Amino acid sequence: MKFRQTLPAVERAAHFAKQYLERLPERRVFPDAAALKGLAEFEEPLPESPTDPLNVIDMLHTYGSPATVATAGPRYFGFVTGGALPAALGANVLAAAWDQSAFSHTASPVAAKLEEIALGWLLELLHLPRGCAGAFVTGTTMAHVTALAAARSKVLADVGYDVDDRGLVGAPPITVVVGEEAHATLFKALAIIGLGRKQVISVPVDLQGRMRPVGFPTLDGPTIVCIQAGNVNSGAFDPAEEICEIAHDAGAWVHADGAFGLWALAAPGRRRLAAGYHKCDSWALDAHKWLNVPYDSGLALVRHVQALKNAMRIGAAYLLDSDQREPFHFTPESSRRARGVEIWAALKSLGRDGVADLVERCCEYAALFAGGLKDAGFEVLNDVVLNQVVVSFGSEEKTARVIRAIEEDGAFWAGGTNWQGRAALRISVSSWATERSDIKRSLEALARIAKAD
Ligand SMILES: *Cc1c(COP(=O)(O)O)cnc(C)c1O
């Protein structure tokens with residue numbers, strides 16, 4: 001294969017990408033049965049001989065594009081997905097052509113530089129302490145792993161034990177405190193770093209899913225407390241101010257899961273929800289959620305720079321010391337793509353005001369959605385304080401039928417959940433592409449669906 005074959009392949013891909021994006025706002029949000037059936041075309045034996053790159057791209061577009069979910073479009077309200085901002089998507093495409101490894105300055109000067117700039121901007125935007133360390137990872141799950149590894153290192157170093165060299169076998173025990181509503185990925189991260197899914201003290205929560213500080217255990221010895229900015233269902237925040245005070249009095253490390261909710265710190269109108277979160281020791285969040293950069297893009301921010309470096313330390317003869325911020329000192333991965341490029345592009349294109357507006361607008365539309373649902377006689381189960389709406393359509397069976405019908409209808413998409421024992425539809429407004437008219441259109445579709453039931 002000759003290098004010049006690259007250009008036509010990129011041109012073809014760009015042409016299809018353009019076509020895909022042009023059709024996105026008006027197409028069905030969840031693919032129809034015919035599109036899903038088309039995926040069978042990919043079921044073929046491993047090719048024995050080469051295929052023309054253009055034909056490879058053609059096949060992807062012909063059978064792949066229709067079987068996507070329109071998460072990048074304006075009426076996808078599932079999970080907390082975000083979209084991809086124009087500048088961030090453009091940066092992603094250009095960075096793909098660069099094919100940089102963001103491992104170090106020598107591997108990619110531009111990747112290392114943009115990470116450093118983006119990190120500084122993010123800390124300022126979120127009102128977090130200047131000088132925190134940052135790891136650009138795949139998502140919040142890995143951000144938990146990264147930050148909790150730093151936490152583990154520090155709370156054990158505080159009692160004279162070097163866990164990074166000696167390991168957990170024979171280490172003093174670590175107490176882990178979580179809320180009853182902690183996100184599933186936190187338990188996965190705890191399992192991965194050897195602290196265990198079930199070896200936790202679970203603090204009771206209130207009706208919105210917030211930890212109740214009165215239910216807090218007495219803390220003693222090496223301790224990590226995990227709190228949450230933005231419950232995946234209700235959008236509620238654990239009370240950071242009170243918990244940080246209790247935890248820090250006992251010398252504990254406070255880790256915040258702020259996958260989407262921490263972005264509230266960037267919007268003056270919502271910042272009060274996240275009061276006290278700047279006092280935490282580490283934060284996990286997703287740029288691919290509310291900053292609307294393409295997947296996969298998470299961030300672990302850590303106040304104690306040396307603790308993170310200790311946890312992520314790597315030594316090899318070819319790793320020369322430098323005075324610059326070397327990305328590999330902070331991440332679990334060595335080779336990885338240059339995620340900082342898209343984050344830089346998103347922040348450069350939106351600016352402080354643009355990020356605030358993105359967050360604020362999504363919250364406003366969530367309130368509009370909730371208002372419309374109530375007017376139609378449906379029961380909204382949460383206090384809509386952020387971008388999340390949890391709604392019931394009556395009985396469990398009826399709610400399940402409505403959720404299925406929404407997917408079949410295709411006008412918009414949101415998924416089912418269970419909120420405090422009740423089946424519900426969970427709506428998350430988190431994309432720059434969503435407009436007021438999209439909420440109206442989705443409410444009309446829902447009225448039509450519920451009426452037909
Ligand atoms: C999405 C989410 C996660 C997991 O993030 P990934 O990027 O999927 O790993 C964790 N916590 C909360 C609150 C989330 O919303």
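This is a predicted model: local features need pLDDT of at least 70, side-chain atom pairs count only at pLDDT 80 or more; totals for chains, interfaces and linings use all residues.
1. Aromatic pairs. The model holds 10 aromatic pairs. One of them joins F79 and W413: the ring centres are 6.0 Å apart and the planes meet at 20 degrees, so the pair is stacked. The cut-off for stacking is under 30 degrees. F79 and W413 are 334 residues apart, and the pair links distant parts of the chain. F79 sits in the loop between α3 (53–64) and α4 (86–98). W413 sits in the loop between α12 (396–409) and β10 (415–419). W413 is buried, at a relative accessible area of 11%.

2. An edge-to-face pair. The ring centres of F378 and F393 lie 4.9 Å apart, with the planes at 75 degrees, so this pair is edge-to-face. F378 belongs to the loop between α11 (339–375) and β8 (379–380). F393 belongs to the loop between β9 (388–392) and α12. The pair therefore ties together parts that are 15 residues apart in sequence. Both F378 and F393 are buried.

3. A ring cluster around F79. Ring pairs link F79 and W413 with F30 and Y76 into a cluster. The backbone of F79 also deserves a look. Its phi is positive, about 40 degrees, although F79 is not a glycine.

4. α4 against α11. The two axes come within 8 Å and cross at roughly 150 degrees. Angles over 145 degrees count as roughly antiparallel, and α4 and α11 are therefore roughly antiparallel to each other. Their crossing is right-handed. On the α4 side the contact uses A87, A88, A91, N92, A95 and W98. On the α11 side it uses V341, E342, A345, A346 and S349. By class, the contact residues of α4 and α11 are eight nonpolar, two polar and one charged.

5. α6 against α8. Helix α6 (residues 140–157) packs on helix α8 (residues 184–192) at an angle of about 45 degrees, and the axes are 9 Å apart. α6 and α8 are therefore oblique to each other. The crossing of α6 and α8 is right-handed. From α6 come T141, H144, V145 and L148. From α8 come T185, L186, K188, A189, L190 and I192. The residues of this contact divide into six nonpolar, three polar and one charged.

6. D58. This residue is found in helix α3. D58 is partly exposed, with a relative accessible area of 21%. Buried would need a value under 20%. Leaving aside residues up to four places away in sequence, D58 touches R12 and F16. The C-alpha atoms of D58 and V205 are separated by 51 Å, and these residues are 147 apart along the chain.

7. A cis peptide. Which two residues does the cis peptide bond join? They are Y295 and D296, with omega at about -15 degrees. D296 is found in the loop between β6 (282–286) and β7 (298–302).

8. D99. Here phi is near 50 degrees, a positive value in a residue other than glycine. D99 has its place in the loop between α4 and α5 (109–125). Is D99 buried or exposed? At 64% relative accessibility, D99 counts as exposed.

Definitions and conventions
Residues are numbered from 1 along each chain as its sequence is written. Side-chain values use heavy atoms; hydrogens and water are left out. Rings of Phe, Tyr and Trp (its six-membered ring) pair if their centres lie within 6.5 Å; planes under 30 degrees apart count as stacked, over 60 as edge-to-face and the rest as tilted. Helices (H or I, at least four residues) and strands (E, at least two) are DSSP runs, numbered from the N terminus. Buried means under 20% relative accessible area, exposed over 50%, partly exposed in between (1.4 Å probe, protein chains only). Axes are lines fitted to C-alpha atoms, for helices over the stretch in contact, and angles run from 0 to 180 degrees between N-to-C directions. Angles under 35 degrees count as roughly parallel, over 145 as roughly antiparallel, 65 to 115 as roughly perpendicular and the rest as oblique. A crossing is left-handed if the near helix is turned anticlockwise from the far one by less than a right angle, and right-handed if clockwise. Contact means heavy atoms within 4.5 Å. Ala, Val, Leu, Ile, Met, Phe, Trp, Tyr, Cys and Pro count as nonpolar, Asp, Glu, Lys and Arg as charged, and the others, Gly among them, as polar.
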